[in-house]
Amino acid sequence: SPFEELLHSLQAMGGPCRRGDSRSRDMRRHAGSRSRGRGGASRYSPSPRRGGASQYSPSPRRRAAPRRSRSRTRSRSRGGSGRERKEEYRIPPPKKRMAEATEEITQEQRAASIQHDGFLYATIDFTPAVQSPPWPTDPPEKYDSFTIRTDISCTRQKTLPKGWELVPSPPSDEVKAKVIKIYPWGTHLLVLEGGNCYWTAKGDNPGAMEAIWDYDKYPGKFALKPKFGARSSWHGTFFIRRRDQS
């Protein structure tokens, strides 16, 4: 019929002739309007997340809790911290220091010493108090102020015995009268702390102070500096003391 021919011609031109197609298009438009009225997104779009972040944005990382060291947990479990343990522990004194404190006076040292007012007095090399010096105080007949010097036996380094000290200067009048003045001590001059030297019984003026004799101090040792010219004949040594424990 002519109606059917008109319908086929319209289908060939691509026009909207099917009822199902027009209905499907209307349903789609209606669904789009409803979704836009609710929030502007269609039913096929993903639901928005809180905070404005999309589902594809990376989630924020959480901070890890700080790890506790094993040493602290052990110290707490055992009772008390490490600091308290260190304060309780005390390092014992070295054996060498203990030996110095308990060292006794030998018989040789006591035999070469003079006891006075609770102290033992002696020379640093423990020369007997009654021994005379090896030479007199007279200066040599011919000497040069630059080449003639004190004998090496006086100026070499000498070790201070453990537990002893140089006699403090100036000494008391009793020490000068009863210890220094009446004994020769194997020398002319006794050198005290600070370099003050006093004449012995074999000196020019027993018991009196003559001069200051300079000396070098080393760890546990002393050494007199040489004298030149007329004083090169002087014989000197260090005078030491120690408290008598007997």
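Strands β2 (119–123) and β10 (236–243) pair in the antiparallel sense over five bridges, where strands are DSSP runs of E of at least two residues, helices are runs of H or I of at least four residues, both are numbered from the N terminus, and two strands pair if DSSP finds at least two bridges between them. Within this pairing, A122 has I240 of β10 as its bridge partner. The model is a predicted one, in which local features need pLDDT of at least 70 and side-chain atom pairs count only at pLDDT 80 or more, whereas totals for chains, interfaces and linings use all residues. Residues are numbered from 1 along each chain as its sequence is written, and side-chain values use heavy atoms, with hydrogens and water left out.

Strand β4 (residues 165–166) runs antiparallel to β10 and is joined to it by two bridges, with L166 standing opposite I240. With β5 (189–191), by contrast, β10 pairs in the parallel sense over three bridges, and here L189 has G236 as its bridge partner. Seven of the eight residues of β10 are buried, buried meaning under 20% relative accessible area, exposed over 50% and partly exposed in between, with a 1.4 Å probe and protein chains only.

In the chain as a whole, the secondary structure comprises eight helices and 10 strands, and 28% of the 246 residues are buried. Of the contacts (heavy atoms within 4.5 Å) with a separation of 6 or more, 63% are between residues 24 or more positions apart. The chain exposes about 18,900 Å², of which carbon and sulfur atoms supply 49%, as computed by the Shrake-Rupley method with a 1.4 Å probe.

In soluble globular proteins, nonpolar side chains tend to be buried together. The largest nonpolar core has 20 residues, and those with the most contacts inside it are W164, W213, F238 and I240; such a core is a set of buried Ala, Val, Leu, Ile, Met, Phe, Trp, Tyr and Cys residues joined through side-chain atoms within 4.5 Å. The elements giving two or more residues to this core are β2, β5, β6 (196–199), β9 (221–224) and β10. Apart from it lies another core, of 13 residues, which includes I114, Y121, V167 and L190. When neighbours within four places in sequence are left aside, the contacts of W213 include L189, V191, C197, L224 and G236.

The loop between β9 and β10 holds S233, which counts as buried because its relative accessibility is 8%. The side chain of S233 reaches the backbone oxygen of T137 at 3.0 Å, and, beyond its neighbours within four places in sequence, S233 is in contact with residues including W135, P136, D138 and H188.

Most residues other than glycine have a negative phi, and most peptide bonds are trans. D117, in the loop between β1 (114–116) and β2, has a positive phi of about 55° although it is not a glycine, and at 63% relative accessibility D117 counts as exposed. W185, in the loop between α8 and β5, likewise has a positive phi, near 60°, but W185 is buried, with a relative accessible area of 1%. The peptide bond from S169 to P170 is cis, with omega near 0°, and P170 is placed in the loop between β4 and α8 (173–180).

Definitions and conventions:
Polar contact = N/O pair within 3.5 Å; in protein donor to acceptor, adjacent residues only side chain to side chain.
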